[in-house]
Amino acid sequence: MTAPRPWTLVAELTYRCPLRCPYCSNPLDWAKRRDALSTAEWCRVLEEAEALGVVGLNLTGGEPLLRDDLEAIARTARRLELYTTLITSGLPLTRERLAALASAGIDAVQLSVQDVTEAGCDRIAGTRSFEQKLAVAGWVKELGLPLTLNMVLHRSNIGHVAEAVALAERLGAERLELANTQYLGWALPNRAALLPSPEQVGAARDIASAARDRLRGRIDVLFVLPDYMSDRPRPCMDGWGERFIVVTADGLALPCHAAHSLPNITWEKVTDRPLVEIWRDSEGFNAYRGEGWMREPCRSCDRRTKDHGGCRCQAFALTGDAAATDPACGLSPDHALILAAREAAARHEEAFLYRSGRVPALP
């Protein structure tokens with residue numbers, strides 16, 4: 001099989017983070033994983049990614065600002081003409097460092113907000129952060145950088161979509177991402193506390209749709225439905241090993257953030273093998289690339305080239321079989337697992353298990 005061209009490199013520079021979000025996508029055992037790549041190794045990874053055809057770079061974590069060499073990495077990205085987005089909580093950051101990062105090579109900033117009020121945001125983040133985030137948004141605009149505001153939606157904040165739109169307008173954001181939680185990583189043990197009702201999702205979607213129409217040409221409003229509320233899965237990462245490369249803080253090259261959770265696959269490190277070889281030839285990137293791995297009902301489904309069979313990590317998390325039809329699909333023989341999760345969430349009180357150094361139990 002000829003490997004497709006990757007468009008985006010997601011560089012998870014560190015798993016360290018000042019926030020404790022209960023839906024964090026980092027591994028449950030993140031505290032055992034160290035920042036394995038040096039500055040020189042990250043710069044080499046960027047060079048190898050550009051040679052593969054990558055044009056976009058997302059610098060993320062954890063919190064990428066905790067890397068002292070972030071400016072050096074950004075300078076390499078600019079030399080390679082990669083469009084570089086800093087994905088950040090805004091903690092810790094000063095205007096001076098943001099200006100230095102912009103000079104070094106940061107082209108845009110995606111800033112997370114956990115809710116639209118100080119009390120709500122700080123509660124979900126597990127630390128005081130809201131006022132700092134507002135300051136960071138102001139600095140981004142003063143420095144002339146495009147600003148994306150990202151709010152992960154769940155039961156605690158999904159009723160505040162209208163206020164999130166108003167906040168994006170007030171801060172001058174060019175893009176507002178309202179992405180419902182994907183129940184992997186830390187979100188899975190928190191699923192019953194986070195999962196909203198179908199009625200909440202429907203109301204939020206209507207508000208977002210109206211805002212998208214009203215703000216077209218000024219703010220790009222994106223609303224991502226939760227898999228648990230749809231009868232067909234989303235095209236996870238635009239397909240396994242199709243468009244994205246994720247390189248983790250501990251040096252693994254993956255097709256998505258959660259792929260490390262899949263057993264019986266040998267994941268290769270960028271310190272051991274060139275990225276181009278990992279992308280084209282490795283067991284991991286080829287495991288679910290294309291359609292050859294698909295079983296029924298995916299194999300004969302007319303949506304298989306659109307949704308690529310859904311999320312392999314979600315299939316494994318829910319069924320123990322990464323090759324199973326994603327249970328988010330109404331055609332899956334395991335779809336009852338999704339319905340049961342909805343029912344359990346409806347009965348569950350809202351109490352978060354915050355990200356910590358201890359590995360939580362899964363539902």
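Val10 stands opposite Asn58 in strand 2. The chain gets from strand 1 to strand 2 by way of helix 1 (residues 39-52), and this β-α-β crossover is right-handed (with the strands pointing away from the viewer, the path from the first strand over the helix to the second runs clockwise). Helices (H or I, at least four residues) and strands (E, at least two) are DSSP runs, numbered from the N terminus. Keep in mind that this is a predicted model, where local features need pLDDT of at least 70, side-chain atom pairs count only at pLDDT 80 or more, and totals for chains, interfaces and linings use all residues. Residues are numbered from 1 along each chain as its sequence is written, and side-chain values use heavy atoms, with hydrogens and water left out.

Back to the pairing. Strand 1 and strand 2 (residues 56-60) run parallel, joined by 5 bridges; two strands pair if DSSP finds at least two bridges between them. Strand 1 also pairs with strand 8 (residues 244-247), in the parallel sense over 4 bridges. There, Ala11 has Val247 as its bridge partner.

So how covered is strand 1 (residues 8-12)? Mostly: 5 of its 5 residues are buried, meaning under 20% relative accessible area with a 1.4 Å probe, protein chains only. In a regular strand, side chains alternate between the two faces of the sheet. Here Thr8, Val10 and Glu12 point one way, while Leu9 and Ala11 point the other way.

Finally, take a look at the lining of the second largest pocket: it divides into 9 nonpolar residues, 6 polar and no charged (Ala, Val, Leu, Ile, Met, Phe, Trp, Tyr, Cys and Pro count as nonpolar, Asp, Glu, Lys and Arg as charged, and the others, Gly among them, as polar).

Methods
Buried means under 20% relative accessible area, exposed over 50%, partly exposed in between (1.4 Å probe, protein chains only).
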